[in-house]
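Biologist: Could you walk me through reading salt bridges and helix packing in a model like this one?

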Amino acid sequence: MKKFVYWLLAVVITLALSVYQRMTGPTYPKKITVELCGENYQIKLPRSGVQHDEIVKLPTHGDRSHELGAEPTGPVPMSLHYRRFPTSDDYTSVDFRWQDGEWQAALPVQPVAGKLQYFLTVDGKDYLKDEPVVIRFRNDVPAGILIPHILLMFGAMLLAVYTFLLVVTGRAYGKWLKITVGIMFVGGFVFGPLVQHAAFGPWWTGFPYGTDLTDNKTLLSFLFFLAALATMKWKYNKWVVCAAVVFMVLIFSIPHSAYGSEYDYSAQQLK
């Protein structure tokens, strides 16, 4: 019964951390509410795109669509303004067009790791002009690489939390510590580089080659767990294990994909 409770707690904690990390990350769509024709509408603004134009959409209430018009006449009430990031280019403005029952405008595809910043104008009101949304483009990652990576990293976090619960309740934890380290290695240092390469080209963009926080936090967390594994026969090993798990939880709370690969438009190359 106690083991079931431990697993349940570990799953709940891991799910909470995973949701928090995703929702605070720079690739999670930004939600805003805009007013159009006296009605409020919620838009999800994309912050990650693959190698095709990314469509910004404004779904409308079905019972209001006839008022907005299938083929609007007169001024279009919405505009999208974008420019390359980070540059001082002038903004390019495009009008939204009515298509398939919603307003749509396209952000043009950029080189791999290229970024655009953009904001909206709706019914003459600017949204996010002072804090534009930034979208980064990448290659599409095959599911056969991405899904194992996600599952293995999720599994490593789950097992780490479970190991922590065993430690603090005085139960045997050595087996689970070893399994955690093994899964973390495969997920972070086998499938992790495969995902990075498929998405952006480089295999590794953390220390000592770059500042990608995803790679760096994986490396630091793994070193902590290696220290815990290397000191298993030490009488204070349980404190090392607890420190490794706490550090993992803290460092993996840092938003995913922050300070990742970025295309340098002036040099026309990935940096």
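Modeller: We'll take the salt bridges, then a helix, then a helix pair. This is a predicted model, so to speak of local features we need pLDDT of at least 70, and side-chain atom pairs count only at pLDDT 80 or more, while totals for chains, interfaces and linings use all residues. Residues are numbered from 1 along each chain as its sequence is written, and side-chain values use heavy atoms, with hydrogens and water left out.

Biologist: How many salt bridges does a search of the whole structure find?

Modeller: A salt bridge is a side-chain nitrogen of Lys or Arg within 4 Å of a carboxyl oxygen of Asp or Glu. The search turns up 4 of them. One joins Asp 89 to Arg 84, at 2.8 Å from N to O. Another joins Lys 129 to Asp 126, at 3.9 Å.

Biologist: And which residue forms a salt bridge with Lys 115?

Modeller: That's Glu 262, with the closest N and O atoms 2.9 Å apart. This pair links distant parts of the chain, 147 residues apart: Glu 262 sits in the loop between α6 (237-251) and β12 (263-264), and Lys 115 in strand β9 (residues 115-122). Helices (H or I, at least four residues) and strands (E, at least two) are DSSP runs, numbered from the N terminus.

Biologist: Is Glu 262 buried or exposed?

Modeller: Buried means under 20% relative accessible area, exposed over 50%, partly exposed in between (1.4 Å probe, protein chains only). Glu 262 has 14%, so it counts as buried. Lys 115 is buried too, at 16%. Asp 89, at 26%, is partly exposed, and so is Arg 84, at 34%.

Biologist: What do the buried residues of α5 pack against?

Modeller: α5 covers residues 213-230. Its buried residues include Phe 222, Phe 225 and Ala 228. The buried residues of α5 pack against α1 (2-24), α3 (143-168), α4 (174-200) and α6; contact means heavy atoms within 4.5 Å.

Biologist: At what angle do α3 and α6 pack?

Modeller: Two packed helices are described by the angle between their axes and the distance between the axes. Axes are lines fitted to C-alpha atoms, for helices over the stretch in contact, and angles run from 0 to 180 degrees between N-to-C directions. Here α3 and α6 pack at about 140 degrees, with their axes 10 Å apart. Among the α3 residues in the contact are Ala 156, Met 157 and Phe 164, while the α6 side includes Lys 238, Val 241 and Cys 242.

Methods
The expected span of a helix is 1.5 Å times one less than its number of residues.
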